[in-house]
Amino acid sequence: MELEKLEQLVRQVMSEMNVGSSANVADAGVFADMETAISQAAAAQRTVANLSMADREKIVGNIRKKTIENAEKFAQMGVSETGMGNVPHKIAKHQLVANKTPGTEDITTTAFSGDRGLTLIERGPFGVIGAITPCTNPSETVICNTIGMLAAGNTVVFNPHPAAVETSNFAVRMLNQASVEVGGPENIAVSTLNPTIESSGILFKHPSVQLLAITGGPGVVTAALKSGKRAIGAGAGNPPVLVDETADIKQAAIDIINGATFDNNLPCIAEKEVVAVAKIADELTYYMERNGCYKASVSDVDKIVATVLDLKDGRYSLSRNCVGKSAAELLRMSGISADKDVRCIIFDGDCEHILVKEEMMMPILGIVRVRDVDEGIRIATALEHGYRHSAHMHSKNVDNLTRFGKAVDTAIFVKNAPSYAALGFGGEGFCSFTIASRTGEGLTSASTFTKSRRCVMSDSLCIR
Ligand code: NAD
């Protein structure tokens, strides 16, 4: 990482925003240690809990405005600090978070009224939420989580990914500035300067933290679920996209490549491998090539495997400096000459191929040919590994779509569109960057971060 360049960018952006100056928000929510961060979030939560819904919404409105104003800066910082993804798509992700993350309107009341009176089920805050965020969507997740958690009356303590700490903490500062600017409290969201596994351990065990919201790979979700606290677990995926012979093949190729190349395949929902019925596999490949794909030969694939994976003690792991890189860059790193505008690498592979089985988070799509849709459903379901995260399908056959949806049983199932339609980007519905695949809440929103309260008035207030 070009540290100097990044520090210069942070200084420039902070001075432009006037964030962190003593005239402004004193520490802007970023503290030297986790204990202080938690105690400040707990103090702020006592104020937030007493804010009216209108006041919470005012803060949320200003967060949306400032996120849009700073979308390009966040995108540049994210790419510069992590070396992953691309600026135009990260701008789009921040705009999506700002525009489509639900606010206070998501908190609703259920009423039962009858002969014996009136009973309300109201949604109240948990209090202080401990959140872990990934390096793949760092500021997007920090902002998205805070909008929902604050709308529900909570404050949040982040232990951001160490590889994206500057970008994540810049988001924390912006969130507090947004609150203070409209008369809200400081420390609606807090973080530490040096997040580590140890500081996440403090968060997981702290008595002032009532709920955990974990966005990341399997290791951190499992650690949180073992903590003894209630945890919302948004874990890993390996989304297959199944294409049957009834699909609009040309459109399927366009949609799959748009989804798989979005932010260089970083989103956990993005198409990670293709399962295609043999009858249409050549046609699908043809249209993919027409849409900027490089069809890798067997020897190319060997070179790519040697580049993007590290082999140690007989086990493969992702080469971290390849995650989130563009297809053109991955080809260059692999010593394969190709057009610089290549968008995605495709290859024919079987379902045991390492690049097909692993969640690569790179624009590389293996195409697994299957006899028919039945075999496709079986193989695509196996490739999802039971994560219950995301799966996609292109088909005009409602029965086939239904059968795959039931078999794969994922939190997200997109039909006949790019995967990002699931986030409300070219599809209906709200946006979330924390998809609770592992614990079953699905796309989280403000109401996910509330607890239920039953409020009963007996034999009165029913005036029917
Ligand atoms: P990661 O798991 O490497 O890191 C996430 C965070 O967890 C980091 O802060 C890391 O330091 C911390 N961590 C890791 N192991 C830990 C442990 N045992 N105890 C405590 N903390 C620990 O994830 P990443 O590389 O930043 O993100 C990519 C992964 O996250 C992919 O698997 C992706 O599918 C998943 N993801 C899921 C969602 C979702 O909504 N379900 C969203 C984004 C990313």
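Reader: How do you know that strand E9 (residues 240-243) and E16 pair?

Author: In this predicted model, strand E9 and E16 run in the parallel sense and share three bridges; since pairing requires at least two bridges between two strands, E9 and E16 therefore count as paired. Within E16, the bridge partner of valine 243 is histidine 394.

Reader: What makes E16 and strand E17 (residues 412-415) a pair?

Author: Four bridges join E16 and E17 in the parallel sense, and because the requirement is at least two, E16 and E17 are a pair as well. Here the bridge partner of alanine 391 is phenylalanine 413, which belongs to E17.

Reader: Why is strand E16 (residues 390-394) called mostly covered?

Author: Five of the five residues of E16 are buried, and buried means under 20% relative accessible area, so the description as mostly covered follows from these residues. Ser390, His392 and His394 point one way from the strand, while Ala391 and Met393 point the other way, and all of them are buried.

Reader: How do you know that strand E15 (residues 364-370) is mostly covered, and which strands pair with E15?

Author: Six of the seven residues of E15 are buried, that is, under the 20% cut-off, so E15 too is described as mostly covered. Strand E10 (residues 273-277) runs parallel to E15 and is joined to it by five bridges, with valine 370 as the partner of valine 277. Strand E14 (residues 344-348) pairs with E15 in the parallel sense over four bridges, and there aspartate 348 has isoleucine 367 as its bridge partner.

Reader: What makes a set of residues a nonpolar core, and which residues have the most contacts inside the largest one?

Author: A core consists of buried residues of the nonpolar kinds, joined through side-chain atoms within 4.5 Å; the largest has 65 residues, and those with the most contacts inside it are Val274, Met288, Val308 and Leu355. Helix H10 (residues 249-261) gives the most to this core, namely six residues. A second, separate core has 52 residues, among them Val97, Met149, Met174 and Ile188. In soluble globular proteins, nonpolar side chains tend to be buried together.

Reader: Why are 19 residues of the lining of the largest pocket called nonpolar, and how is the rest classed?

Author: The class follows from residue type, so that Pro counts as nonpolar and Gly as polar; on this basis the lining has 19 nonpolar, 15 polar and four charged residues. The pocket has a volume of about 810 Å³, and among the residues closest to its centre are Gly216, Pro218 and Arg320.

Terms used. Residues numbered from 1 in each chain as written. Predicted model: local features only at pLDDT ≥ 70, side-chain atom pairs only at ≥ 80, totals over all residues. Heavy atoms only, no water. Buried < 20%, exposed > 50% of the residue type's maximum accessible area, 1.4 Å probe, protein only. Helix = DSSP H or I, 4+ residues; strand = E, 2+ residues; numbered from the N terminus. 1 Å grid on protein atoms, 1.4 Å probe; cavity = no way out; pocket = protein on both sides within 12 Å on 5 of 7 lines; lining within 4 Å. Points joined across faces, edges and corners; volume = space filled by probe spheres on them.
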